[in-house]
Amino acid sequence: MPMQPNLYEQLANELGAHIASRVFAPGDKLPSIRHLAQHKHVSVSTVLQALRLLEDQGLIEARPQAGYYVRHRPRVLAVAAPSEPLTEPAFVGINNLLMRVLKANETPGLAHLGSAWPPDELLPIRRVQKAVSSVARRDPALLAKVSCYETNEPAFVRQVVRRALDWGSLDPHEVVVTSSCTEAISLCLRAVAQPGDTIAVESATYFVLLQLIESLGMKALEIPTHPKTGPSVDALEVAFNAGLVKACLFVPNANNPLGCIMPEENKKRLAALLAQHQVPLIEDDVYGDLCFTHERPWPVKAYDTAGYVLLCSSFSKAVTPASRVGFVAAGRWVQQVTLLKMVSSGSTSQFFQAVLADFLTGSAYEVQVRKMRRVLSQRIARMADAVAASFPHECLISEPQGGFVLWVQMPQQVDALALHGMAVAQGVAFMPGQLFSASGKFGNCLRLNCGNAWSADIEAAVAKLGALVHRAADARAA
């Protein structure tokens with residue numbers, strides 16, 4: 001049984017979640033100590049302990065004779081400018097550049113602010129170990145089971161369907177288990193489109209999605225994307241009416257790299273447009289459980305009544321990346337996706353499907369994601385503070401609503417790729433903004449990983465990177 005937090009930790013976690021989701025925005029005054037004690041039915045000392053914990057986490061500050069306030073982080077709350085208006089579809093060409101950046105980021109001794117992987121210490125490794133042992137004892141035959149025709153482990157599919165009950169329902173017959181969320185997206189692209197077809201993507205979007213489009217010989221159409229509300233449904237409708245789009249590939253919940261969430265009304269409208277124009281949406285929902293909102297945001301799939309949404313996800317970000325188990329609820333394309341899965345990679349490890357099913361049974365997963373949401377929101381806030389303190393005043397910083405990355409827009413004259421070369425030489429890795437666009441936009445932007453526990457090394461790396469941005473901005477301005 002997981003250890004339950006103390007009362008003051010529970011209260012701190014609740015207030016921290018409200019701060020992360022902007023129920024209490026920077027500069028807002030928190031309810032008084034007496035009010036919190038009465039409303040939450042706890043002692044004054046418990047409230048004080050909770051507030052001190054939030055102070056230690058850098059989320060609030062005490063003002064003499066005035067109470068406690070959410071810390072106002074200068075320059076952090078500025079909203080980055082939306083991307084450019086609709087442009088022409090273009091073939092993607094980032095693979096070679098990405099390989100060079102990733103190779104440079106593997107240089108020994110770098111401070112790793114680049115790759116967005118969940119930190120090891122936040123993953124439930126011991127609980128997964130117990131699940132592995134339990135499944136191996138209970139059904140050792142799974143350790144030898146491989147089949148090209150039976151890719152789904154029923155226990156795992158049941159857990160996927162059960163979790164969907166929070167927002168609707170999934171037909172278990174439309175679920176195809178895959179070897180990662182990335183494979184699920186790749187199979188879906190191959191099922192709904194052909195080489196030369198155009199795929200609508202967010203701008204900015206995750207570079208792996210662009211890699212997949214490039215590897216399949218397809219084009220990308222960048223849809224203007226707001227840093228808080230996601231892709232413009234108006235712009236997408238224009239593209240639909242012009243017949244430009246064969247399919248869409250979006251991350252509506254906690255987009256990587258912006259961390260934005262599409263409002264529910266936008267999702268409803270998007271689902272209706274998809275059905276009207278008979279255009280499929282490949283929905284990457286891998287960060288959905290790691291959103292900081294009070295309630296987990298629903299996927300677009302929840303509003304899909306015609307089968308045009310192919311929902312892709314996995315539990316790699318919150319449980320174990322090593323399992324390599326993902327899934328897709330493929331709607332109208334379940335037969336095509338199933339066939340492509342069989343002929344491309346055969347079955348996904350049924351042993352690890354059973355391990356995940358064991359982990360997902362009961363409350364372990366809910367406890368895990370609550371912990372990760374709380375910790376990651378605090379780590380993002382800490383990174384945002386450091387960037388605001390070290391980078392030039394003109395820099396704009398995203399306000400992620402989920403995930404664990406931060407997007408920084410630097411002065412226009414700063415070239416993120418050139419900056420990357422200088423940063424690696426000084427021991428700091430990050431991801432340049434050009435990698436998140438099919439057409440090379442965002443050359444003055446960068447993405448930082450905020451998942452790792454704060455340390456003196458990370459603080460020094462951010463300060464060093466900030467100094468390089470200052471130098472680059474001043475040199476171009478001179």
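Colleague: Which residues of strand E5 (residues 175-178) cover its two faces, and how should I read such a strand?

Modeller: In a regular strand, the side chains alternate between the two faces of the sheet. In E5, Val175 and Val177 lie on one side and Val176 and Thr178 on the other, and all of them are buried, where buried means under 20% relative accessible area, exposed over 50% and partly exposed in between, with a 1.4 Å probe and protein chains only. Helices (H or I, at least four residues) and strands (E, at least two) are DSSP runs, numbered from the N terminus. This is a predicted model, in which local features need pLDDT of at least 70 and side-chain atom pairs count only at pLDDT 80 or more, while totals for chains, interfaces and linings use all residues. Residues are numbered from 1 along each chain as its sequence is written, and side-chain values use heavy atoms, with hydrogens and water left out.

Colleague: With which strand does E5 pair, and in what sense?

Modeller: Two strands pair if DSSP finds at least two bridges between them. E5 runs antiparallel to strand E12 (residues 326-329), with four bridges between them, and Val176 has Val328 of E12 as its bridge partner.

Colleague: How many strands does the open sheet with E13 and E14 have, and in what order do they stand?

Modeller: There are four strands, in the order E13-E14-E17-E16, with antiparallel pairing. Strand E13 (396-397) and E16 stand at the edges with a single partner strand each, so one side of each has no neighbour in the sheet. Inside this order, E14 and E17 are antiparallel and joined by five bridges, and Leu406 stands opposite Leu448 in E17.

Colleague: How many aromatic pairs does the structure hold, and how is a pair described?

Modeller: A pair of aromatic rings is described by the distance of the centres and the angle of the planes. Rings of Phe, Tyr and Trp (its six-membered ring) pair if their centres lie within 6.5 Å, with planes under 30 degrees apart counted as stacked, over 60 as edge-to-face and the rest as tilted. The structure holds 13 such pairs. Tyr206 and Phe207 form a tilted one, 4.9 Å centre to centre and with 50° between the planes; Tyr206 is partly exposed at 23% relative accessibility, whereas Phe207 is buried at 6%. Trp407 and Phe436 form an edge-to-face pair, at 5.3 Å and 80°. Trp407 lies in strand E14 (residues 405-409) and Phe436 in the loop between strand E16 (431-432) and strand E17 (445-449), so this pair ties together parts that are 29 residues apart in sequence. Trp407 is buried at 3%, and Phe436 is buried at 0%. Ring pairs also link Phe156, Phe315, Phe327, Phe359 and Tyr365 into a cluster.

Colleague: Is helix H12 (residues 350-360) largely enclosed or open, and what covers its buried residues?

Modeller: In H12, 10 of the 11 residues are buried, so the helix is largely enclosed by the rest of the structure. Among the buried residues are Phe351, Leu356 and Phe359. Their cover includes helix H5 (125-138), helix H6 (154-164), E5 and H13, with contact meaning heavy atoms within 4.5 Å. After H12 comes Gly362, whose phi is positive, near 90°.

Colleague: Where is Ala386 found, and which residues does it touch?

Modeller: Ala386 is found in helix H13 (residues 364-390) and counts as buried at 12% relative accessibility. Not counting residues up to four places away in sequence, Ala386 touches Trp454 and Val462. The C-alpha atoms of Ala386 and Ala463, 77 residues apart along the chain, are separated by 7.5 Å.
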